[in-house]
Amino acid sequence: MADIRICRFEPSFASEAAAMWRLSKEKAIGQKEIHSFESHIHFLNHILQQDYEIYLALENERVVGIVVFNSAELNQLYVANGHQGKGIGEALLNLAKEHSGGSLFLYTFERNKNAQRFYEKHGFAEVGRGYENEEKLPDIKYEWRRFEVKSS
């Protein structure tokens with residue numbers, strides 16, 4: 001992680017971020033992105049920023065990760081293929097946790113076993129199943145809480 005810099009998203013990185021996101025997602029779920037590249041860039045530059053914070057992980061000024069979150073939801077977290085397992089995802093996840101209100105929820109695709117292991121390793125617990133996504137794939141809802149309430 002020595003050469004990794006985490007910074008706020010800037011529109012100048014939109015094309016590179018969208019390309020990385022799409023390739024990582026395709027590998028994770030085994031299907032192509034359903035939206036055009038242009039609509040993905042519009043989504044990054046105009047839609048997500050209305051309700052979420054967006055940060056990038058850069059290695060030598062190249063996008064190798066993205067995280068999209070607000071105080072309650074982790075909306076997106078992708079790390080470039082070939083860069084996973086190097087602590088980038090953990091650093092981005094920790095950033096989202098630090099900016100949370102003490103808990104976060106997220107959805108991940110049921111077929112994305114690597115994501116499930118990653119989130120469970122970092123304190124998320126499964127709280128539901130179903131699908132509410134455009135891909136119409138079964139998903140899992142996870143939740144993380146900074147402090148668990150213990151019953152006495």
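Me: Which residue of β7 is the bridge partner of Phe109?
Reply: Asp139. The model is predicted, with local features needing pLDDT of at least 70 and side-chain atom pairs 80 or more, while totals for chains, interfaces and linings use all residues. Residues count from 1 along each chain as its sequence is written, and side-chain values use heavy atoms, without hydrogens and water.

Me: What makes β5 and β7 a pair?
Reply: Two strands pair if DSSP finds at least two bridges between them. β5 and β7 (residues 139-145) have 7, in the antiparallel sense. So they qualify as a pair. Strands here are DSSP runs of E, at least two residues; helices are runs of H or I, at least four; both are numbered from the N terminus.

Me: Why are β5 and β6 edge strands?
Reply: The open sheet of 3 strands has the order β5-β7-β6, paired antiparallel. β5 (103-109) and β6 (125-130) each have a single partner strand, so one side of each has no neighbour in the sheet. Neighbouring strands are turned by 25° on average, direction ignored.

Me: How does α4 run relative to β5?
Reply: At about 165°, with α4 (residues 113-121) lying across β5 and β7. Axes are lines fitted to C-alpha atoms, for helices over the stretch in contact; angles go from 0 to 180 degrees between N-to-C directions.

Me: Why is α1 called roughly perpendicular to α2?
Reply: Two packed helices are described by the angle and the distance between their axes. For α1 (residues 14-29) and α2 (residues 37-51) these are about 115° and 9 Å. Under 35 degrees is roughly parallel, over 145 roughly antiparallel, 65 to 115 roughly perpendicular, the rest oblique. That angle makes α1 roughly perpendicular to α2.

Me: What makes up the contact between α1 and α2?
Reply: Contact means heavy atoms within 4.5 Å. α1 contributes residues including Ala14, Trp21 and Arg22; among those of α2 are Phe37, Ile41 and Leu48. By class there are 10 nonpolar, 3 polar and 1 charged. Nonpolar covers Ala, Val, Leu, Ile, Met, Phe, Trp, Tyr, Cys and Pro; charged is Asp, Glu, Lys and Arg; the others, Gly among them, are polar.

Me: Why does Ala80 count as buried?
Reply: Buried means under 20% relative accessible area, exposed over 50%, partly exposed in between (1.4 Å probe, protein chains only). Ala80 has 10%, so it counts as buried. Ala80 sits in the loop between β4 and α3 (88-98). Beyond neighbours within four places in sequence, Ala80 touches Met20 and Val64.

Me: What makes β4 mostly covered?
Reply: 5 of the 6 residues of β4 are buried.

Me: How do you know which strands are at the edges of the 4-stranded sheet?
Reply: The order is β1-β2-β3-β4, antiparallel, in an open sheet. β1 (4-8) and β4 (74-79) pair on one side only. β1 joins β2 (residues 53-59) over 5 bridges, with Arg5 partnered by Leu58.

Me: What links β3 to β4?
Reply: 5 bridges, with β3 (residues 62-69) and β4 antiparallel. Gly65 stands opposite Val79.
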